[in-house]
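User: Hi! I would like to understand the terms used for this structure. Could you take me through them?

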Amino acid sequence: MTKEHDGPQTLKETTSTSNLAPAPSATVTAFYDSWFRWNILPSEWDILCLSTVLKVLLFPSYRSTDFEVHRNWLAITHTLPISKWYYDTTSEWTLDYPPFFAYFEKLMSIPASFIDPKIVDLNNLNYDGWSVIAYQRSTVIITELVLGAVLLKFIRGSVEPPIQRIISASIFLHPGFLIVDHIHFQYNGFMYGILLWSILLARNSNKLASGILFAVLLNFKHIYMYLAPAYFIYLLRSFCLSPTGQVHVKNFLSLANAVIAVFVVSLGPFALMGQIPQLLSRLFPFTRGLNHAYWAPNFWALVTAADRVLLKF
């Protein structure tokens, strides 16, 4: 009698208990599938491979002065202690990006020093050996995978994957990236990828991570400051305030502390050395003029001319 009664009861209790929470393995599997299982389609591999071949073929193409700018930043961050990064004037192409980008250059300078020590020689100005060309061009291709990865995530979460696949491909193959990053030389694809990851996290209701990632982006390239007011209003309204306008104190403090922490990691070493004024003078060179005096005539030259004319009135 007892055994006959205990069997069904035990089964019932086990079933009820199993319904209380998902198994830990299921949660881990879901996390793994979300972030590490890409299931890349053949057509997506084709786009990646063909675009990479095209970018490699552009290695010997025209290079702007920005190529030497970034080579010099590799040399600065590799050769000098951090206390001298924002003071060095060996080259006219001084370091004028925020600290995270300087740390990024420092990281890239490590393999560069093994490939060709001349790349990170601070006094080897305007070095244009094939080794530096291949290396720096390759870093743009590799870091641009940050953009490719987030575009795949947008496809996977889209309600209309075929349309999103076309949009994502058009962004990844955009002529602007090919011209500015792979010919002129910049890392805009990498930066744009970070921005899109932040937007994707916001779309997926992970507002805190979205705000943190945007703060990271600002410490890579401060030109994205123009987006900061929109981010501030969006996160304040959607994350820090309830629909009735009440402040979610916990959310507000979490976001504020997380953003502050990002800036502390970025600016902290320079604050401890008392170099914040010097750093800001490099990021915002009002005494030099916001438009770089060495730039070739282009749209910005027209802006500067218009500015000069308007000062007369």
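User: Where does asparagine 126 lie?

Analyst: Asparagine 126 sits in the loop between α5 (99–115) and α6; helices here are DSSP runs of H or I with at least four residues, numbered from the N terminus. Please note that this is a predicted model, where local features need pLDDT of at least 70, side-chain atom pairs count only at pLDDT 80 or more, and totals for chains, interfaces and linings use all residues. Residues are numbered from 1 along each chain as its sequence is written, and side-chain values use heavy atoms, leaving out hydrogens and water.

User: Why is asparagine 126 called exposed?

Analyst: Its relative accessible area is 56%. Exposed means over 50%, buried under 20% and partly exposed in between (1.4 Å probe, protein chains only), so asparagine 126 counts as exposed.

User: What is the phi of asparagine 126?

Analyst: Phi of asparagine 126 is near 60°, a positive value in a residue other than glycine.

User: Why does serine 205 count as exposed?

Analyst: Serine 205 has 60% relative accessibility, so it counts as exposed. Serine 205 is in the loop between α10 (188–203) and α11 (207–218), and its phi is positive, about 70°, although it is not a glycine.

User: What makes α4 roughly perpendicular to α6?

Analyst: Helix α4 (residues 65–79) and helix α6 (residues 130–143) pack at about 90°, with axes 11 Å apart. Axes are lines fitted to C-alpha atoms over the stretch in contact, and angles run from 0 to 180 degrees between N-to-C directions. Roughly perpendicular covers 65 to 115 degrees, so α4 is roughly perpendicular to α6.

Note on methods:
Helix = DSSP H or I, 4+ residues; strand = E, 2+ residues; numbered from the N terminus. Parallel < 35°, antiparallel > 145°, perpendicular 65-115°, else oblique.
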